[in-house]
Structure formats: C-alpha cells, structure tokens
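Morning, everyone. Let me put the model on the screen, and then we'll go through symmetry and charge pairs.

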4 protein chains.
Amino acid sequence: MLKIGKYTFRSRLFLGTGKFSSLDIQQAAVDASGAEVLTFAVRRLNISDPNQPNFLERLDLGKYTLLPNTAGATSVEEALRIARLARASKLCDMIKVEIIGDPKTLLPDPVATLEATRILVEEGFTVLPYTSDDPILAKRLEEAGAHAIMPGGSPIGSGLGLLNPHYLSLIIEQAEVPVIVDAGIGSPADVVQAMELGADGVLLNTAVSQAKDPVRMARAMKLAVEAGRLGFEAGRIPRKRYASASSPQEGLVGS
Amino acid sequence: MLKIGKYTFRSRLFLGTGKFSSLDIQQAAVDASGAEVLTFAVRRLNISDPNQPNFLERLDLGKYTLLPNTAGATSVEEALRIARLARASKLCDMIKVEIIGDPKTLLPDPVATLEATRILVEEGFTVLPYTSDDPILAKRLEEAGAHAIMPGGSPIGSGLGLLNPHYLSLIIEQAEVPVIVDAGIGSPADVVQAMELGADGVLLNTAVSQAKDPVRMARAMKLAVEAGRLGFEAGRIPRKRYASASSPQEGLVGS
Amino acid sequence: MLKIGKYTFRSRLFLGTGKFSSLDIQQAAVDASGAEVLTFAVRRLNISDPNQPNFLERLDLGKYTLLPNTAGATSVEEALRIARLARASKLCDMIKVEIIGDPKTLLPDPVATLEATRILVEEGFTVLPYTSDDPILAKRLEEAGAHAIMPGGSPIGSGLGLLNPHYLSLIIEQAEVPVIVDAGIGSPADVVQAMELGADGVLLNTAVSQAKDPVRMARAMKLAVEAGRLGFEAGRIPRKRYASASSPQEGLVGS
Amino acid sequence: MLKIGKYTFRSRLFLGTGKFSSLDIQQAAVDASGAEVLTFAVRRLNISDPNQPNFLERLDLGKYTLLPNTAGATSVEEALRIARLARASKLCDMIKVEIIGDPKTLLPDPVATLEATRILVEEGFTVLPYTSDDPILAKRLEEAGAHAIMPGGSPIGSGLGLLNPHYLSLIIEQAEVPVIVDAGIGSPADVVQAMELGADGVLLNTAVSQAKDPVRMARAMKLAVEAGRLGFEAGRIPRKRYASASSPQEGLVGS
C-alpha cells in the first residue's frame, strides 16, 4: 500500500488526463490503467462555472482521488493561486506543485518550487512537488514538508525515460516520504526501471494518451508497474562479468 | 499467439527448470510464471532409468510443452547424441541446441551450432538454436531451417541483461521465424526491453530460480512479458529532445 | 581561446591540486596536463600565516591562474567568508563557489549556490559556481551574473563520468557564458564525451591525482581535452541504423 | 609498440583511404592522423593496369604499410582471389579478410571469415580478419592462426560506436594476438572508449573521411588513440556510488 499524507492507494500508477484524442478513449484508458489517482491541470478545468462541460465529465469522480496540478504556473504566486482555487473547488486537498522554469524543456524551477512547497504545506495542503532529479533539492523539499517527492525522469512528454537512474536511486535511498517518478516516461520499460530502483510509484500521461493505442498502452503500464514492484520486492540476481550455468555443465546422460 | 513449428503457445515466457532450491519452490514458481514451455538439460534427466526420481517429478508434465536442451555439449556430435536421446524418450520433438564454446562465458559456438541445427532439422526435429546476437549467424540459422532463433542477451546466468539491443533489433527485423531472447536476463526490466524490441518471447531461468523470492519473481516475469508485449503492440511515443506539454501551458483558470 | 570574465586561456583543462601522494608528483602532473588554471581549496591554504609551508609551494604560481574554491562551505555565509579571504590574499579574484548540500554525495546546494553567486558577482568577483546538471538552475546562475557555469558530471571523486549527457547538452546549448564540466570525471573517455557535447572545458582532480600513474594520466587528460575539442569542431558523422560502405561494394577487381 | 606478425608499428591508428571528397583532403588527413597503416579495398585499385591513375597516387607509399582488404567479397572464394591478387601486386603480404554476410548491415559472415582466415594463414599471409564482437568466434579465429583480431564496434559507417563494450572487453582479455577495433566508430569518444578497454588499436575510415572537416577529425583521432592508450596504461580510478572529496571537507581556514 502506498501512503501519501492521509491518503492510501493500492495502485502505484498515477495517470494524467490530458491530451487524449477523445473522452471515450480517455475513459477507457483510465479504466485499463487501474489508476486510483488522476492528475489534471487546474487551468483546464472550468471551475468558475461548474455547469460548463469539462474534460473530466466522463469519469466517475467518486472512484478516483484527484490530484490537481499547477501546470502553467511560472512563479510562486501563480502556483499558490492555482492551488488555493483547486482547494476552494473542494475536489481534493492534494496539490502537485508544478512551476515551470523554461518553456522549451518545461523543467521545474528549483527555487520557486521549494518556496511554494513550503507555503502550501503551511497552509495545510498535501503537497507533491514536481522536481528535477537533484538529490539535494529533493531533500530540501522533504525538509519543507512535502508529502511525496516527484522527480522527473526527463522533460515532460519527451519520452526519453530515466536520464539519470543513479540520482533517482539516491533520492529514493534518502527519502522518508514516497518518491513518485514523474515526467518523461516513454514506455513500459521505463516504468519497470523506475519501480526496480525502488520508486513508490510513477506518474505518466503522454506515454499513454499519445500512444498509437492508448487503451492497450494503459494496460501495459498497469502491468509494468506491478512487474517492476514485484521485481523490486523479489530481489534480483547480482550482475556478473562471466557466466553462471543454469544447467550443470558436467556429467554425462545416463552415466 | 506464438507459433513455433507445429506448436502454438499463449504464453511468451519460456522458463528453465534448473537451480531452484527445492522442488516445492520450483513448482510454485512455474505456476506463478504462467509458462507453457519448460526447458531442461537432458543431461540432468535420468532418462536411462525412468524409475529414478528426477527433478521434473513435481510438475504435471501434461500441462507443459517440454523443451529439452543440449546443455553440456561442446561439439556437434555431443549435441546430436543428446537430441536423439531426448527424442527417444518421447518427451518432445523440440530441441534447444546449446553448444558451448567456452566454459567461462558459456557463449555458444557459432560454427558447431549452425552445423548441428542443419542436421537436426534434416532429422525432423523442431529446432531452436541458442546463438549469439550476431545478425548474420541468426540469418544462417534460419536458412538452415531453424524453427525459432534464440539469441542471448548476455552470458548465461550473468544477469547483465541485453548487452546489444541494436543487434537483437536487427535480428528481430529480419527474422521470419520467432525470435526468443534467451540468456542473461536479470530482472523484469530486461524482459520488457526485449519484448518492446519486438521479440516473440523470452527464455530465462537463473533470474527466477536464484532471485531472493523466486515465486514472486516468477510472477513479476509473467507480468513483464505481458507488459512488454502490450507496449510493443500499442506503439510507443517518439523520443524528443525537448518537452511536449501534456497540459496546456497557456490560458488562465476561469478566464 | 577560452574566455571567462576578463581572463583568457589556451588550455581547456582545469586541474585540481588536491590528493596527490607527493608534491613531486603533483608538480609533474600539473606540468604534464598543460593546465593553465589550477583550483584549490582555500581551507587548505595557510593564508593566515604566509610563512608556513603549503601544498602549492612547488608550483611556479606565476605560470598559472589560480582558481580558489570554497570547498568545505555548507552555507552562503561560509562561502562568502572564504571567497573574501581568498581575495584578500591577492591570489586571484576568481572564485569557484562550492556549497555542499550533503556530506555523502557532496552535491551542491542549489538555493545557497544561487544566492552566494548573486552576492559575489555584486562584490566584483569573477564567479564560477559548481552546480548540478539542472538546466534551469544553470540558467538562473547565468542570470545572476555567473561568469561560467560548472555543472557536475557526477558526484565529486566518484569516477562515474557524465550521468546525464542530455542535460549537460541542454545547459551548453542555452548558455551564453562558458560551461566547464566539473566533478565525477573518471577517465579520458569522460573528458572526450564532455568536450564533444560542446563543453568549453573540464575541471578534474581525483581522476588524475588518484590514478595509478598520475603523471601519465595527466598527459592522457591533456590529449583527451584536445581530441574532444577538435572532434567537436570537426563535426562528427551522423549515426545510422544500418551500414554505410566505406569501400565500394560493387565492381570486380580488374573488370 | 604494436606488433602484428612480423610488423611493428608505433601508431595504433589504422586509417581507411576510401570516401574522401578529394585526394588533397585524403593526403592531408592521412598526414594529420599519424597513421602508419593504411587500408584500402583491393577492388578499388586498378591492379590489372598499373598505368591507370588510382586513388592512392597522392600518398607516398614508402612511408606507410598497406593493409589491403577484401571488401566486396561475399564468399570464401572471392576473398581468397582478392587476397592472392593483392599479394601478386607485391604491395604487402598483410590482408584484412572482410567477407560480408548481408548488404544492409555489411556485417561479416562468421563461417566464411573463419574458413578464409584458415586458408590464408596456411598460404603464408599475415591475416587480420574483420569479425563480429562474438568472443567465441574471435577465439576460433585466433586458433586458426589469425595475426590480429578485428572485431567491429557496430556496422561499417554507422557511427554507432561500440555497441557491446562488454564482449569487446572479453575478446581483449582472452586474446594473445592484438585486437584492433574496427568499424562503426563515429567520433573520438568511441576511440578512447575502445583504447581504455585495452584494445591494441583502432581502424576507422568514414568517421574521418565523412566528417565535416576530415583533416581536423584525423588529428582528433590521432590524439584520441594516444589519450585512450595512456589512460589505459595509467590505471583509472574506481567507480564509486557516493562522493570522495578531493579537498578536505573539515577544518576551518586559519583555525
């Protein structure tokens, strides 16, 4: 079981809801993924007019924990405003802090992310900051009260996977809160790699919504999270320079 | 469905039966893996005296297709003799040709493997040669009539995974018979990588039997094969140098 | 020519002076490296009593530009104090800001590094901050007036090389000041990789001082920097999935 | 010094002479590379009519050892015929056996390469077979009398570098004749990597002749070979998971 603040989840796959080609496909992919936590950009939601149609309308929101994010924010102030708006809508008191430092890479701004995290924790939010794979920043975020750390594998939507498994591994090793690898995942192989490093979960969106067959990919991701977690728990064999026979190499048949 | 010669399988995971710490664990791991094909060294089987206890005794052999291998052979002649003995035992007419070229790496001898494959195909066996990841040798084995190609990821039992995904990918691209990645797999991540390259299946043994928790790892491998296959079929997103927003970066909430 | 602030260098290799087994070997390695910039920890220097022997005593300091660093600092205040002490000694007005965030990884503290850089720039130093490979932080340091950016390849002294070439490449692409890859380099191959990415230089210490033959390794590093720079300038061939004949494959001899 | 059969060389860089945009550039690149061994396809040489102009005409052939290759051969017979023709021309008794197994990848045919090597050794040639990175085949070639082993890093002209450093390292470890890494090299980084693995030399062509500035790249490759060899001899530092301070982290300045 994955515990983040006061929440508990069985699934370790967090799914983003953006960029699906239709709400039908979105709904089917969410189902196939087995995800319990769905993330979405507060900016996309027509919170000010609840009578307007919106991109979450097909989802049975009672079944999921919603994780609103501050996508689009480029400053502490914007992130705070979006987070407070999300809470006011009573959807959830969890917030994924996402403060972009650069439009080309969409990588997070370290100083602003740390500052916003500190303030939102003080305001009583359950805070999950999206951060780089810098182990020191991850530690600072935890010291600031973050309820989980969400280091990126690579730039959002890039599909480059885990560019620096070593630093992700250092983050996981030192963290006393859950680590959810977020951003850059391209395929199930990336998911399994993250889970085998000991990540507590993964968050992905584009890898499913932009796959050729999003529903099938959602199911692949569900299985990948489970395979990676089981593999981590089961304890892999060591790596060796030479071979190690699985069948005896000596002895003759019937001799 | 995976078709090899006259055989058809639903599972794409082939499991070796060696090196389990007990027959109980072997049985439970085989169950958890969902494997339909079990491989074993003919040399380990007391074929000459069927009344003797043997290491396959706990398995309900009616449920599985047995894939005997010629492990221990270091020449064409030895491989032929073992293959014929296996067929005489009426366990199966499939044979995995494994002719070791060196005791340190247990890598296969290319010339002997090709020669033994040619002869056993002529004798009517369903032949699956264990080979290196050399695309030219893989093609020659297919020309010699091999019913599947089993390129190694890395040395047997090394846990080094896929040392050369590019050549495995070239083998898969050119092959008109199934390609089963065999040897060297260390964890579910390696399995998913092989399946995402388009492999038709994987064969592994040590990664399960020598894991800290073999039964749990067997289940991880089952899910990994499925995740990788689904991921391959679903069509992953392209890799990009920069980011690609999954949430819109423009537009204000409620504006 | 490499220009950093008001300084100009022909050599692109910056060498650290610590951890040599003797001053003789240090001197010979410095000579062999061709380095013009030598870095050292101000803390190691007996600045308060210039009559004491010190670890730079064998070097003809007139031949080199000294780059004092703030190694040992864990806060903005400590870094500032060390930098001002270094300037007071009149050795050089360049300072490498190094504020460690964690004793295990010796990775830099992002927020403190940015703050110290801002202040030291205002005080008129030529500032070279040692930073992570986070492209956003690198940009912020440049905005704060840093005269060069020194992203680490991997933890100091780890010999792990460049853990994230992609982010280093993004830093190099965006930077309008020189980028000197610093920390983690283990061998000449790492140096060449950094230079081929377009780095303006590399700083290393342990890879030379702790090599089995430090003087020979110093010469290897000198050649590696030159090879990598020339390779970068010369424009490498593209990578292709298939072959591209270097000799014509058609036509018969004498036909 | 590098010894191959009865030959001794100071330079460890073997250069191919094909695909230069002009003979002027070819000549300048050969000079800049410092190569003592030049390889060329016998098929390209107008051996049957020595009065015809040819692509080696600008080179002072007295300065170099020529290494003719059998490029274009796809069978044992063709390779033998080309080798004998090369010897009849009295250019050199060394021969690089190159028998292509597939026009798309230009990877070598293992069985034919082994057979041709055996025959040419018996005929008194100094034989350098171009082979895959299969350690068993490398051993068989050495057993057949090959005077050096030339495993490919990746397909000819692909620029993919060393796809399987582990197998190259096993080949180097076991070989009692020189190992020259041949084919696929894209940049100086690949060269240094090969030399640090312990290779006795590298052979390349396209990486220089098709670089944007071939002469500058030739010089880069010369330095890369030297840097890599020195790095190998100097003994690199071990890789560590955590940091290892190059400057002392304790002690205050002036305290």
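Start with chains A and B. A rotation of 180° superposes chain A on chain B, with 0.0 Å of shift along the axis and an RMSD of 0.0 Å. That is how a two-fold axis relates two copies. Keep in mind that this is a predicted model.

How do the copies meet? They use the same surface, because 99% of the interface residues of chain A are also interface residues in chain B.

Now the charges. Side chains of opposite charge can pair when their charged atoms come close. Over all chains, the whole structure holds 63 salt bridges. I'll show a few.

Look at A:Arg84. Its salt bridge partner is A:Glu123, with the closest N and O atoms 2.6 Å apart. A:Arg84 sits in helix 2 of chain A, and A:Glu123 in the loop between helix 3 and strand 7, so the pair ties together parts that are 39 residues apart in sequence. A:Arg84 is partly exposed, at 41% relative accessible area. A:Glu123 is partly exposed too, at 28%.

Next, chain B. B:Glu98 and B:Lys96 form a salt bridge, 3.4 Å from N to O. Buried or exposed? Both residues are buried.

Over to chain D. D:Glu226 and D:Lys222 pair at 3.3 Å, N to O. They are 4 residues apart in helix 8, so about one helical turn separates them. D:Glu226 is partly exposed, with 28% relative accessible area. For D:Lys222, also partly exposed, the value is 26%.

Last one, back to chains A and B. Which residues form a network of salt bridges here? A:Asp213 and A:Arg216 are linked in it with B:Arg229 and B:Glu233.

Note on methods: Residues numbered from 1 in each chain as written. Chains lettered and ligands numbered in written order. Predicted model: local features only at pLDDT ≥ 70, side-chain atom pairs only at ≥ 80, totals over all residues. Heavy atoms only, no water. Least-squares fit on C-alpha atoms with pLDDT ≥ 70 in both. Contact = heavy atoms within 4.5 Å. Salt bridge = Lys/Arg side-chain N within 4 Å of Asp/Glu carboxyl O. Helix = DSSP H or I, 4+ residues; strand = E, 2+ residues; numbered from the N terminus. Buried < 20%, exposed > 50% of the residue type's maximum accessible area, 1.4 Å probe, protein only.
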